[in-house]
Amino acid sequence: MDVNSTLKQKWKKPVEMQLSNHVPQQLHYSFLFLKGGNITFIAKVEAKDLLRKPNVKWFKGKWMDLASKAGKHLQLKESFERHTKVCLCFSFLWGQGSKESLKISLRQQVGVQEQWSLTLASPHRFHGEGQEDAGELDFSGLLKRREVKQQEEEPEVDVWDLLKNANPSEYEKIAFQYGITDLRGMLKRLKRMRREVKKSAAFAKGLDPAYQVDKGGKVRFMVELADPTVELKWYKNGQEIRPSAKYIFEHKGNQRILFINNCTMADDARYYVTAGDEKCSTELFVRDPPILVTKGLEDTSTYVGERVELSCEVSEDDANVKWFRNGVELTNDPKSRYRIKVEGKKHTLVIEEAAKNDTATYSVMTTGGQSEAKLISLALEDQTVRLGQEIHLKCEISENVEGKWYKNGQLIEASDRVKLYHKGRIHRFVIPVSAVDDEGEYMFVPDSSSYISNFDNLSPFSDPPKLHLDGLGENNTVTVVAGNKLRLEIPITGEPPPKVFWSRGDKMVTDSGRIRAESYPDSSCLVIDAAEREDSGAFRITLKNEAGEDTALINIKVVDVPDPPQAPNVTEVGEDWCIMTWEPPANDGGSPILGYFIERKKKQSSRWMRLNFELCKETTFEPKKMIEGVAYEVRVFAVNAIGMSKPSMPSKSFVPLAVTSPPTLLAVDSVTDTSVTMKWRPPDQIGAAGLDGYVVEYCFEGTDEWIVANPELTDKTKFTINGLPTGSKILVRVKAVNAAGESEPKYHPQPILVKEVIEPPKIRLPRHLKQTYTRRVGETVNLVIPFQGKPRAKVSWEKNGSPIDKNDINIRNTEHDTIIFIRKAERGHSGEYNMKVEVENLVDKATIDIQIIGPPEVVTIEDVWGENVNLSWKPPKDDGNAAITGYTIQKADKKSMEWFTVIEHYHRTSATINELVIGNEYYFRVFAENMCGLSEDATMTKESALIAKDGKVYKYPVYDDFDFSERPLFTQPLVNTFAVAGYNATLNCSVRGNPKPKITWMKNKIVIMNDPRYRMFSNQGVCTLEIRKPSPYDGGTYTCRAVNELGEAEVDCKLEVRGKSFKTLQIPSLPEHCLQS
């Protein structure tokens, strides 16, 4: 231990303790010191039997790891000699100058094998008569190593238990005794522990109150359950923790363990675990590892004007490192003479041109260490002495060390003629009477510095006076803080000793008063008691003797805190923010303004709140997180190197209100030769101030003058700008307005030409109308067909090449669509409807096929026998423009007339109904069926069929054997059709034949086989080919071939596949109301 205060003379060597790694022991040491001094602990650990470097930690009290407290006043260093396997551990504490007593308990833990502790206490100084050191304690006895027997050791005390059981009045005493620095934080946790500590039925053992882990380390939480079947959940800040690579859960009997790997600062939080309705919590503290200085600074000497570099290395790349010169921090300011360079782990302080006043102690500090070195900058000056006069050379160095004098490289020894003097840091070389042989180059060489003087032209006359102003700043400026005392000492030389005169302007400075001059043999001193701003200015010092005179101006600069700035102005207000500006203070106090602090308060309150904790460098600031609708005031403090000014006057009160966001989706709705109609959507964010309306502005292309189109706000999202010259181009923007003002404008991206543009006609035929449109007799037909075309598109309709009878079919046309309406469809309405849209000489056409379907023809009863009835009918005259796919037959008892379906999807035009009830009388009816479904009406038998009762003999008719053999015959051929690309298409036909024919499908006379894009079905003679998502390349001629033993038959059709779907084609410009239709 090294005590560098009042104990410095008593204690020359640091405490050194040596431990062996193989002998388990716990040692205690006690020392006394005066607080305010510097303390150094050195622990030497022998590790000959260890395979690697031991892990050494320093602790304060029982639980505080000192690595987390490393900084300006505490530094930890460590070195390891690999050839001797000796680990040296250093701990440095810098005192604060306090006179209060201090007691610290330290222990060092080396692995788990050995630890020792050290107790420091502040002694009381005894003031007695006699010698200066009377009453001081003898520290030599305290430095002896004392081993305490194991049985005499007191058990370690748990601080948490002490605080839990102690009276609140004893908290500070316990904190002082056990080195607790964060007492308030521990009391908060203790309060939470007391609230949570109760008899738990779920937890046999809960979590510890707190855990600590290094950043990147691993931590283990463990609880023990009373009932292992209880469901357990872990939480971090209220969020449930799920198993992952970072969070690992482990079960061991009744123990439930949570591991957290690779801890980061985000893991520093409150954790708790629940078991049923009970909860157990803890705190996790994640600590950044300290940055260590791995290679320290080295003492350096240089000459004035040379480049100097001081370098050190730290343990981490790009770490935060601070540089100090004589305890004053150095910054990397572009205006500074000092430049800091960082290259990975290497940090360098560069002085481009060293000056004499750069001689100082430079230090570097990290969170876990410090290093310092001394820089000596030497100035070389030539001197001239008169022949026969005294030669007096003086050299002042930074330390009290011995040195040697040289002349022209030859060592000079003291003699009767040559006198050498040494007192403290000053070395003198004196030759009472100079001679011609004394001319030459003289050098003084201490341990690491030199002082060189040349002597020429020795003459027997007096030495003229000279002022030595090397220690002053630029332009001989001396700075002093207002209120402090200035004592400026100027070295002077001359033979005979010169007279000194100080003056300020026309007034001489006397040797008394608040501003006075003091004279000494080799210097003159200007003293200013309690400096004031008015003391700033130029002071002249004049030296006079027989050989001449010397004079110089010395600028005294008195710096003070700046004047308060003027009241700030609030230039812009938002929803919860504002922008404030202010002017710099009229007087910066003689020191540049470093920045500003800003405060805010509610108008009705007297409590000011600081808004920035780092200086604001600019004269504008944006306060945030204010309450909308509440009046506020703000004020500013100016800060310079001396301190902080008084506050400015408060600003005018202001109320945060938010303007809306800009309108959205601004687009052109229509253009004529003299007007432009714009439309837009409301803003995305309106805010509490609401929305009053919109302002529409326009300007002509090439100008910057915006013209308001609507003098009064409009609340609609559509507006027409009238009175525009034809052929001009305009730019349009729209703003939303509320109580807070106008929003940011929404601009139309392109200039708009004021000229009605001819838009070619284009019919946007809906997709379902591109195929045959089928309706039943009596249904309503209402078709909306959108189109585009400007100006004044003309629409006309034709049916089967003839004009439409408007008395039978209603047609209604608008600017964007046309509607064909049939209130009650009849079969005569079936046909091909042609639509034509004309715009001047441009035409577009579309065709729509409409089919109206009805029921089949009359049904007759052919024969009745036993429980059977034979029916026959004819196909409907109108098949609804779609192939008949089958029939549905129903029966009804004459008594109840309730209809029941007997046969569905029947393909022939005659059928036998079986299993009728004998004695009942039946009616029958038949529905036709096509791809659109069943016909709306059915044909019913005119007469009923009576099923005869028992006792009547039925005479069976005699039938010849019927030959059912038949060659294939297509009863319904394929129909030419078209499909839309991307949508499935089907081809249907029906065939009969006996034996059942084999069906083969072909495309362009090529058989379709094993192609996944095609699916083939055959159900009761109906043959279907399904083409999945066809493309234009699937168009062509498709053939269906049926073959049996008696022959074969073929039927074909053409398939046309059109381009993209209607939706894709019509979206870019189809009006919105047409899409809704």
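Predicted model: local features only at pLDDT ≥ 70, side-chain atom pairs only at ≥ 80, totals over all residues.
Once residues up to four places away in sequence are set aside, His347 touches Leu310, Ser311, Cys312, Val314, Ala319, Val321, Trp323, Lys341 and Val342.

Asn332, by contrast, is found in a loop, the one between β23 (328-330) and β24 (338-343). With a relative accessibility of 48%, Asn332 counts as partly exposed. Leaving aside neighbours within four places in sequence, Asn332 is in contact with Tyr338, Arg339 and Ile340. Asn332 and Leu349 are 17 residues apart in sequence, and their C-alpha atoms are 9.6 Å apart in space.

Strands of a sheet pair through backbone hydrogen bonds, either parallel or antiparallel. β29 and strand β33 (residues 426-431) run antiparallel and are joined by six bridges. Within this pairing, Glu396 has Ile426 of β33 as its bridge partner.

## A five-stranded open sheet

Five strands form an open sheet with mixed pairing, in the order β37-β44-β43-β39-β40. The edges are taken by β37 (477-481) and β40 (507-508), each of which has a single partner strand, so that one side of each is left without a neighbour in the sheet.

Inside that order, strand β39 (residues 499-504) pairs with strand β43 (residues 537-545) in the antiparallel sense, over five bridges. One of the residues involved is Lys499, whose bridge partner in β43 is Lys544.

## Salt bridges

The count of salt bridges comes to 34. The side chains of Asp267 and Lys246 meet in a salt bridge, with an N to O distance of 2.9 Å. This pair links distant parts of the chain, 21 residues apart, since Asp267 is in the loop between β16 (255-260) and β17 (270-275), while Lys246 is in the loop between β14 (239-240) and β15 (247-252).

Another salt bridge brings together the side chains of Lys252 and Glu250, at 3.3 Å from N to O. Here Lys252 is partly exposed, at 47% relative accessibility, and Glu250 is partly exposed as well, with a relative accessible area of 26%. In the salt bridge between Arg270 and Glu283, the closest N and O atoms are 3.9 Å apart. That pair again links distant parts of the chain, with Arg270 in strand β17 and Glu283 in strand β18 (residues 278-287), 13 residues apart. Arg270 counts as partly exposed at 22% relative accessibility, while Glu283 is buried at 14%. Elsewhere, salt bridges link Lys485, Arg487, Arg516, Glu518 and Asp529 in a network.

## Aromatic pairs and charges over rings

A search of the whole structure finds 17 aromatic pairs. Among them is the stacked pair of Phe221 and Trp234, with 6.5 Å from centre to centre and 20° between the planes. Phe221 lies in strand β12 (residues 219-225) and Trp234 in strand β13 (residues 232-236), so the pair ties together parts that are 13 residues apart in sequence. Both Phe221 and Trp234 are buried. The rings of Trp873 and Tyr906 have their centres 6.5 Å apart and their planes at 55°, so this pair is tilted. Because Trp873 lies in strand β70 (residues 868-873) and Tyr906 in strand β72 (residues 899-906), the pair ties together parts that are 33 residues apart in sequence. Trp873 counts as buried at 5% relative accessibility, whereas Tyr906 is partly exposed, with a relative accessible area of 21%.

Phe221 and Trp234 also belong to a cluster, in which ring pairs link them with Tyr211 and Tyr271. Charged groups are placed over rings too: Arg635 lies over the face of Trp608, at 4.1 Å from the ring centre, and the charged end of Arg733 sits over the ring of Trp706, 4.1 Å from its centre.

Key:
Residues numbered from 1 in each chain as written. Heavy atoms only, no water. Pairing = 2+ DSSP bridges. Helix = DSSP H or I, 4+ residues; strand = E, 2+ residues; numbered from the N terminus. Contact = heavy atoms within 4.5 Å. Buried < 20%, exposed > 50% of the residue type's maximum accessible area, 1.4 Å probe, protein only. Salt bridge = Lys/Arg side-chain N within 4 Å of Asp/Glu carboxyl O. Phe/Tyr/Trp six-rings, centres within 6.5 Å; stacked < 30°, edge-to-face > 60°. Lys NZ or Arg CZ within 6 Å of the ring centre and 35° of its normal.
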